[in-house]
Structure formats: C-alpha cells, structure tokens
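Thank you all for coming, and please bring up the sequence and the structure on your screens, so that we can walk through a few places in it together.

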Amino acid sequence: MNANKALKSLFIAVPMLTLAACSSNQGAEEAVDQQTNQQVEQTQDQSGVDVGAVEREKTPEEIRAEKVAQLRQENMIFFAFDDSRISSEYAQVLAAHADFLVQNPNVTVTIEGHCDERGTPEYNIALGERRAKAVAQYLQNLGVSSSQVTTVSYGEEKPLINASNPDAYAKNRRGVLVY
C-alpha cells in the first residue's frame, strides 16, 4: 500500500517539477532584452549605421497582392435606371483596373452584372449581362486582353442592399469586378 501511495505521489510530483523547471522568469528575460538593446545601441553609436532603418524590399507577389487589395476597394461601377452605359465618373477606376490587368497578363477578372428588383427576372438577367459586357468592353478598349475578362449576369438575384427604396435600387444597379 505504501508503494502505491509513493507511486501516486511521484506521478503528481514529477509533472509539477517539470512545469516549474520549464516556467520562465520574466525578470531575467527583461534583463537579457535590456542588455541586448544596450549592445545594439552601442554598436549603432560606434558604427554610425542605423541597423533598424532598412526595410525589407517587397517581392513582386507582395506588390501585386497590395495592388489587388487596393483595386478591390473600388471594384463597383454603378448604373442609371434601365441603362448599361458607363458614367464618366468611373473612368479613373476602370483605368486603374485596366492598367493592372495590362501589366499582369496572367491575372483574370470576372465582371458581374447586377440589377435592382424592378422588371422581370428575364429582363434583369439580360440587363445585367449588358452591364457586365459594357464594363468588359471598356476594359478591352483600354488594352486588356479578352482572354483575361469573363462576364456573368446575376440580374436581381444578388442585391447589395435588400430593400425596396430608391437608395437601395441605386446601389443594386451595378457591375462588380472580381479578381
């Protein structure tokens, strides 16, 4: 019985001692960090070179990812009621997208055409297609290859705002560039 109690005590004591041995002492770590920082500062003072001032150069993939993130912020073109003509206010947005696509010929974009809920589903699918194709044609006129652009029409099926008022209608009549 005593051996059994001793064995149980060991099963409890050994893991606790292991945890205690592995635990860190924050005071000691802070002292080491402070000492390291002082050594770096002394080295900088002696050499006259600021080691921390150099930034890592971005890879082409990182630059492209940042550009795509920027373009995703401005990826919607809004249309007037029952219209598929692109307003001149979106010229800069589309020019930025076209410039990116021309510089990155391996990147593709899907242009989604959307409508508000007014009109028949068939008519809205056709109008959404005209809107998507208008954006695609605009990009192609700016030098984007047709193989980089696909279009799809969702008609009234994917509203941006699910309401029946003029503001919601205006936000739902759109073309969306999706990378």
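Let me begin with a question: leaving aside its neighbours within four places in sequence, which residues is L139 in contact with? Before I answer, please keep in mind that what you see is a predicted model.

Once those sequence neighbours are left aside, L139 is in contact with L94, H97, A98, L101, I111, V144 and L177. You will find L139 itself in helix α5, which covers residues 121-141, and because its relative accessibility is 0%, L139 counts as buried, the cut-off for that word being under 20%.

From that list I would like to pick out H97, whose C-alpha atom is separated by 7.8 Å from that of L139, although the two residues are 42 residues apart along the chain. H97 has its place in helix α4, and with a relative accessible area of 0% H97 is buried. If we do not count residues up to four places away in sequence, H97 touches L71, E74, N75, L139, L177 and Y179.

The crossing in which α3 passes α4 is left-handed.

Which residues meet there? On the α3 side they are R64, K67, V68 and L71, and on the α4 side they are A96, H97 and F100.

F100 brings me to my last point, which concerns aromatic rings. A pair of such rings is described by the distance of the centres and the angle of the planes. The structure holds one aromatic pair, and in it the ring centres of F100 and Y179 are 5.7 Å apart while the ring planes stand at 85°, so the pair is edge-to-face. This pair links distant parts of the chain, with F100 in helix α4 and Y179 in the segment after β4 (174-178), 79 residues apart. Are these two residues buried or exposed? F100 is buried, and Y179 is buried as well.

How values were computed
Residues are numbered from 1 along each chain as its sequence is written. This is a predicted model: local features need pLDDT of at least 70, side-chain atom pairs count only at pLDDT 80 or more; totals for chains, interfaces and linings use all residues. Side-chain values use heavy atoms; hydrogens and water are left out. A crossing is left-handed if the near helix is turned anticlockwise from the far one by less than a right angle, and right-handed if clockwise. Helices (H or I, at least four residues) and strands (E, at least two) are DSSP runs, numbered from the N terminus. Contact means heavy atoms within 4.5 Å. Rings of Phe, Tyr and Trp (its six-membered ring) pair if their centres lie within 6.5 Å; planes under 30 degrees apart count as stacked, over 60 as edge-to-face and the rest as tilted. Buried means under 20% relative accessible area, exposed over 50%, partly exposed in between (1.4 Å probe, protein chains only).
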